[in-house]
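Student: I am new to this structure. Please take one part of it and walk me through that part closely.

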Amino acid sequence: MAVTADSKTFNAHAIRADFPIFEQLIHGKPLAFLDSAASSQKPRQMMEAMTTFYETSYANVHRGVYVLAERATAALEGSREKVRALVNAPDAREIIFVRNATEAINLVAYAWGMSNLGPGDIVIVSELEHHSNFVPWQYVAGRTGAQMRMLPLTEEGELDLSALDALAAGGNVKVVATNQVSNSIGTINPIEKLVAWAHEHGAIFVCDAAQSAPHLAIDVQALGVDFLAISGHKLCGPSGIGALWGRGELLLAMEPFLTGGHMISSVRLEKTTWGELPHKFEAGTAPMAEAVGLAAAIDYLQAVGLDAIAAHEHELAEYALGRLGELPGITLYGPPADRRAGIVSFNVEGIHPHDVAQILDMQGVAIRAGHHCCQPLMQKLGVAATNRASFYLYTVREEIDQLVEGLHTVQKVFA
Amino acid sequence: MNEFDQMYREVILDHYKNPRGHGTLDDADAQADGQNPLCGDEVSIYVAFGDDGETIDEVKFSGRGCAISQAATSMLTEMVQGRKATDVATLDKDELLEEIGIPLTPVRLKCAMLGLTTLKVALHKAKGTPLPSGLAGFDDLELS
């Protein structure tokens, strides 16, 4: 695939030219898009792949015997293979296409949790979780009589692993679920250590990788996790597709989540039997064009190199933390630059994040203001909301300068 | 800085920095807590009625939020003083919007309406006046 830059010559300005969204002015200013943690922008190559698929290969997959159906099936299954390679899963049949990471976690919480959780069981999630990895567990724990317990944070915004043993007291730990990278403050979590602890206690480990897969190379076998959830839209892919990877033996033993078309082996009045993996978990017509877009996005990211992307974002985070530190009245949240991804959460003294973000928008700077779907974390930090600037492969230092300049104006307006 | 002045008019910033009616009433006749689930902003409203039991004698509010939500609630406390509960229950949002006097995007409209909605809920709880139906985005207002 033609990509403007590769890992040997990483150049964010050149990469940026692949993203048409930047070819416009916002309020008469260049767009400084610092909200990639919410969703990433899209390279032309990804959109062209989807258009080509619609124009040349579109038909429903799997059952058709004609050329177009075969092409569409090959495209869908080719995408599954790309996702397998992205997370280094042992087998492509363990990759389940879903709408997003939230649906992936719901699938596990319901299809595994409803059959395996009960009174006396414990589900541990962390205070860093996005609602996507908090609410499904809270809900299913409530339905099954299991207890949900929270793994606390240290002052620096990192998981306090020393609290784990106490959380296991008086029950059977069945699930430990955390994200790999916090969408809210950028903390990179020690997944291997958490997995080791979970497995020692006979629990499964569920990893929300929505915020890590776009930015770091992931290897589910090296991490040792049991389930891993990703969202396509955060890694330059289209909205409406994500993936769940699950350990084959666990997926095989699970009941389905959604039922209906395609996921069956046979349907009789008396009884329906389920299809093979991955089909058992993919009821209904698949997000075919979205899968093609996701595959193109993965190709794009791999051509640039995930290690190069991680290094670039790390540099930007360090630069942003330094520049924001120059401003008076700024509170920064989260760990030091060497232990965080390209996400910087902050507050400006005396000015609500909504007002900060509004005045920044007028200067062409897009940041997120709010609770970032992390209300338990906001409670822990003692704030209602924060400002969040987040970076990706197309982010350039000039955008961070534009943010800092914008914050000067914010402080002037409120002076 | 014209565009900023348009959004953050002096009067908005004045109400934000020096909110009128800020505080609580210990034995309020009507009270409600409102929250904007989009951003976590919170407003609590306290109302004391006059001797007729209908006229709003005093309104106080507490809470935390953006300049728009806090300034709008501050303006509201001045606006409803001396008016009857039944009138305020049907107070048109445009009356408050006119007072605020700045263009608001749909997200910020919810900020601006938080105080008014919460006040209407307080009056509903105390007097059985109609609930504020149809105010954009507040179907999920948390009733306390």
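**A pair of strands and its surroundings**

Tutor: Start with two strands of chain A, S14 (residues 343-348) and S17 (residues 386-390), which pair in the antiparallel sense over 4 bridges. Strands pair here if DSSP finds at least two bridges between them. Strands (E, at least two residues) and helices (H or I, at least four) are DSSP runs, numbered from the N terminus. One bridge can be named: Ile343(A) has Ser390(A) in S17(A) as its partner.

A word on the model. It is predicted, so local features need pLDDT of at least 70 and side-chain atom pairs count only at pLDDT 80 or more, while totals for chains, interfaces and linings use all residues. Residues are numbered from 1 along each chain as its sequence is written, and chains are lettered from A and ligands numbered from 1 in the order in which they are written.

Now widen the view. The pair belongs to an open sheet of 4 strands in chain A, ordered S13-S14-S17-S16, with antiparallel pairing. Strand S13 (330-333) and strand S16 (368-370) of chain A stand at the edges with a single partner strand each, so one side of each has no neighbour in the sheet. On average, neighbouring strands of this sheet are turned by 30° against each other, direction ignored. Axes are lines fitted to C-alpha atoms, for helices over the stretch in contact, and angles run from 0 to 180 degrees between N-to-C directions.

Next comes a helix. H12 (residues 306-325) of chain A lies across S13, S14 and S17 of chain A, and runs at about 10° to S14(A). Contact between two residues means that their C-beta atoms, placed from the backbone, lie within 7 Å.

Chain A is assigned domain 1 (7-36 + 305-413) and domain 2 (49-302). These bounds come from an automatic or database domain assignment. The centres of the two domains of chain A, taken over C-alpha atoms, are 28 Å apart. In chain A, 24 residues of domain 1 are in contact with 22 residues of domain 2. On the domain 1 side, H12, S14 and H14 of chain A are the elements giving two or more residues. H12(A) gives the most, with 6 residues. That side of domain 1 divides into 14 nonpolar, 4 polar and 6 charged residues. Ala, Val, Leu, Ile, Met, Phe, Trp, Tyr, Cys and Pro count as nonpolar, Asp, Glu, Lys and Arg as charged, and the others, Gly among them, as polar.
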